[in-house]
Amino acid sequence: MSELHGNSAYGRILVAVDGSEHAQRALEHAVKLAQSLQTAPHLTVLHVNPTMMVAEPPLGVDVGVRLDEEGREMTEPYRQYLDTTGVAYDVRYHTGDPATVICDTAKEQNIDLIVMGTRGMSTVSELFLGSVSHKVIQHAECPVLTVK
């Protein structure tokens, strides 16, 4: 575990979100945790757009710009909620394998705790690809709290 921040071992909490009800509950739980600690941590809200397999984007479409727009749109409800909580936060969005990006971001940002839902938007994709939360639990270098 990283060094203590004030009186809290959780100075930096990463919350993985994907637009699902489980992700919203995970964020709400992370906010309650942050508000209950003597020294409030900083939340990083992370949305990962899964890697797309596109042979050729349609003419005139800038895929990078479109992904950036989708990231902003996906995270806007989280921003609106967090603005009412008084908790310090930032929002990030990336493209790639969700579990890998979550673990890499946690390592790069010296995150003390990852909070995420147990299920995402697509139960079918979880059956074929394996659960993102399971992969994060297996590979993260910090504690992972999953929320039902």
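In the predicted model, helix α3 buries P98, A99, V101, I102, C103, T105 and A106, where buried means under 20% relative accessible area, exposed over 50% and partly exposed in between, with a 1.4 Å probe and protein chains only. Helices (H or I, at least four residues) and strands (E, at least two) are DSSP runs, numbered from the N terminus. The cover over the buried residues of α3 includes β1, β2, β3, β4 and α5. Just after α3, N110 adopts a positive phi of about 50°. Residues are numbered from 1 along each chain as its sequence is written. Because the model is predicted, local features need pLDDT of at least 70 and side-chain atom pairs count only at pLDDT 80 or more, while totals for chains, interfaces and linings use all residues; side-chain values use heavy atoms, with hydrogens and water left out.

Two packed helices are described by the angle between their axes and the distance between the axes. For α3 and α5, the axes come within 9 Å and cross at roughly 35°; axes are lines fitted to C-alpha atoms, for helices over the stretch in contact, and angles run from 0 to 180 degrees between N-to-C directions. The crossing of α3 past α5 is right-handed, a crossing being left-handed if the near helix is turned anticlockwise from the far one by less than a right angle, and right-handed if clockwise. P98, A99, I102 and C103 of α3 make the contact with V132, K135, V136 and H139 of α5, contact meaning heavy atoms within 4.5 Å.

The strands form an open sheet of five, in the order β3-β2-β1-β4-β5, with parallel pairing; two strands pair if DSSP finds at least two bridges between them.

Strand β4 (residues 113-117) pairs with β1 (residues 12-17) in the parallel sense over four bridges. V15 stands opposite V115 in β4, and M116 is the bridge partner of A16. Four bridges also join β4 to β5, which run parallel, and L145 in β5 is the bridge partner of V115. In a regular strand the side chains alternate between the two faces of the sheet. Both faces of β4 are covered, with L113, V115 and G117 buried on one side and I114 and M116 buried on the other. Five of the five residues of β4 are buried, so this strand is largely enclosed by the rest of the structure.

A nonpolar core is a set of buried Ala, Val, Leu, Ile, Met, Phe, Trp, Tyr and Cys residues joined through side-chain atoms within 4.5 Å. The largest such core has 18 residues, of which I13, V15, L27, L43, V45 and V115 touch the most other members. At least two residues of this core come from each of β1, α1 (21-36), β2, α2 (63-83) and β4, and α1 gives the most, with six. Not counting residues up to four places away in sequence, L43 touches I13, V15, L27, A30, V31, L82, V87, A88, Y89 and D90. A second, separate core of 15 residues includes I102, C103, A106 and I111.

T44 lies in strand β2 and counts as buried at 4% relative accessibility. Leaving aside neighbours within four places in sequence, T44 is in contact with I13, L14, V15, D90, R92 and I111. E76, found in helix α2, is partly exposed, with a relative accessible area of 35%. The C-alpha atoms of E76 and V91 are separated by 9.3 Å, the two residues being 15 residues apart along the chain.

The protein chain averages a pLDDT of 85, and 80% of the residues score at least 70; pLDDT is the predictor's confidence in each residue, from 0 to 100. Over residues 1-6 the pLDDT is below 50, and this stretch has ten contacts in the model beyond near neighbours in sequence. Where pLDDT is low, the predicted coordinates should not be read in detail.
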